[in-house]
Amino acid sequence: MTPPADLQRRRVPRPIGPAQQRDLQRAARLCWWSIGLLGAVTVLMYASMGGSQAMLTALVEDVLSLLPPIAFLIALRFRARGVDATYIDGRERAFDITFLASAVALTAVGALLVFDGLHVLVTRTHPVVGSVVIGDRVIWQGWVMIAALAVSCVPPVILGRLKLKLARALDSKPLHADADMNKADWMTAVAGIVGIAGIGYGLWWADAASAVVIAGAVLHDGVRNLRNAVRDMHDARPQRVDRSDHDPLPDAVAAAVAAHPDVIACRVRFHEEGMRLSGVVFVTTRDGMLDSAMTDAIRDAARAVHWRIDEVLVMVDAAPGAQRVTGGDTPAQRG
Amino acid sequence: MSRLPLLLLYLCLAACAPYPRDAHDSSERAREAFRVGLSHDPPHVIASDARPRGNEVELIEALAADRELRVEWVVGNHDALMQALLDHRLHLVAGGHTDASPWRDVSWSRTYRLPDARGRPANRRLALPPGENAWQLSVDRFLHERTAPQ
């Protein structure tokens, strides 16, 4: 028996430009730096950690902040393999999937840490901070822990700022979320320092209270990312990279297509696939017809709007104006 | 809003006091009575006689002499002693604590070495109340001076 002829028509992806290729490589390098530096910070914190709940929570937060860069690198490799007989629509969504995975991890660990901190508070477990010998002097271990936390503030601040710039250039939402998490890192370190300083003042609850605050921030990050990941997985209306508003590109595409002399009206339905936007352009033509030359012209006009516009399907708008609306707009998740 | 600078000023003044401090004033209360929990662990702690003996008991007596504290020995079963330590009713529990002791939530002194029954050095620790930073530092400093290799 001969195998049936392959009736699958694979997507022909629009290659990304050299500037974006370069930015992606820089992002990958930045992710490797993140893994190295944050890994070193994690080891430093583990080595100096006493019985402080706040410091443990800050440490877990730092370990968690390794997840997004690892996820980004994995997605980058997977995406590079491109279209094949199985992945007939390409692999642009690799970023969305790793984003979902890290959001789930962040949410779960955040909830666990909140519970853990509250448990310490409720059971009135007193934090145990011993002493260390440096040179020939015995000093309170809290000083070493505070120093380690202070050092741990530095790399995330720098990495976060660099990532933010690249995330805007590439319109990469996972990278933007990663930068946000790096920004949160130094705040958790400060909260940890406050907790340990509180132990030194004999306030045993200050430590666990700080831990709960940090864990709350982790949980908040996780839930926000999870909601955004769910949104992206549903091909929801595209958003700006910082999620502050609707993405202006679909409207820009509609305007560009409507400028075609034979097009009377144009509506669009685009969705995000990783960094790119793909979707359908519905046109109402002067004579109600749409031939292949015009289809090509409209697609080229749409793609000329921005490098992020990938696959564009052109269709005749069957019933212009007649659109049954069953629900309002779900407001964009801010910040 | 005007309270914030006042609060910061207060914190700065508070910072001038000794730091780190105890959560439950162990250092202060030890001046009235230095309460030491003992469980029988020869040759380090011999609690069967009327007066406790052993090389760990001698170490604690030296600590009391150095800090000018009056020792009050509390001999009891180990679980009760550790619970009393967690409740901050004792300042220290000695006897049977190696550096692999499975007790959690209590604090541990620095590890020191004392000769065991065969005269070989054994790693020993004292159990301390949790969250008593100044008291812990005081005991650890004594142990470091006393048992550090010369």
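What share of the contacts in chain A with a separation of 6 or more is accounted for by residues 24 or more positions apart? The share is 72%, where two residues are in contact if their C-beta atoms, placed from the backbone, lie within 7 Å. This is a predicted model, in which local features need pLDDT of at least 70 and side-chain atom pairs count only at pLDDT 80 or more, while totals for chains, interfaces and linings use all residues. Residues are numbered from 1 along each chain as its sequence is written, and chains are lettered from A and ligands numbered from 1 in the order in which they are written.

Chain A has nine helices and five strands; helices (H or I, at least four residues) and strands (E, at least two) are DSSP runs, numbered from the N terminus. Along the sequence their pattern is α-α-α-α-β-β-α-α-α-α-β-β-α-β. The radius of gyration of chain A, 25 Å, is well over the 20 Å that the globule rule gives for 335 residues, so the chain is more spread out than a compact globule. That radius is taken over C-alpha atoms, and the rule is 2.2 Å times the number of residues to the power 0.38. The C-alpha trace of chain A spans about 90 × 45 × 45 Å along its principal axes.

In the contact between them, 11 residues of domain 1 of chain A meet seven residues of domain 2 of chain A. Helix α4(A) supplies the largest share of the domain 1 side, three residues.

Helix α4(A) (residues 94-122) also packs with helix α2(A) (residues 53-64): their axes come within 11 Å and cross at roughly 175 degrees. Axes are lines fitted to C-alpha atoms, for helices over the stretch in contact, and angles run from 0 to 180 degrees between N-to-C directions. The crossing makes α2(A) roughly antiparallel to α4(A), a label for angles over 145 degrees. From α2(A), Q53(A), T57(A), V60(A) and L64(A) take part. Their partners in α4(A) include L106(A), V109(A) and L113(A).

Chain A also touches chain B, with 17 residues of chain B in contact with 16 residues of chain A. On the chain B side, β4 (107-108) and α5 (133-147) are the elements that give two or more residues. Of these, α5(B) gives the most, six residues.

Notes
Angles under 35 degrees count as roughly parallel, over 145 as roughly antiparallel, 65 to 115 as roughly perpendicular and the rest as oblique.
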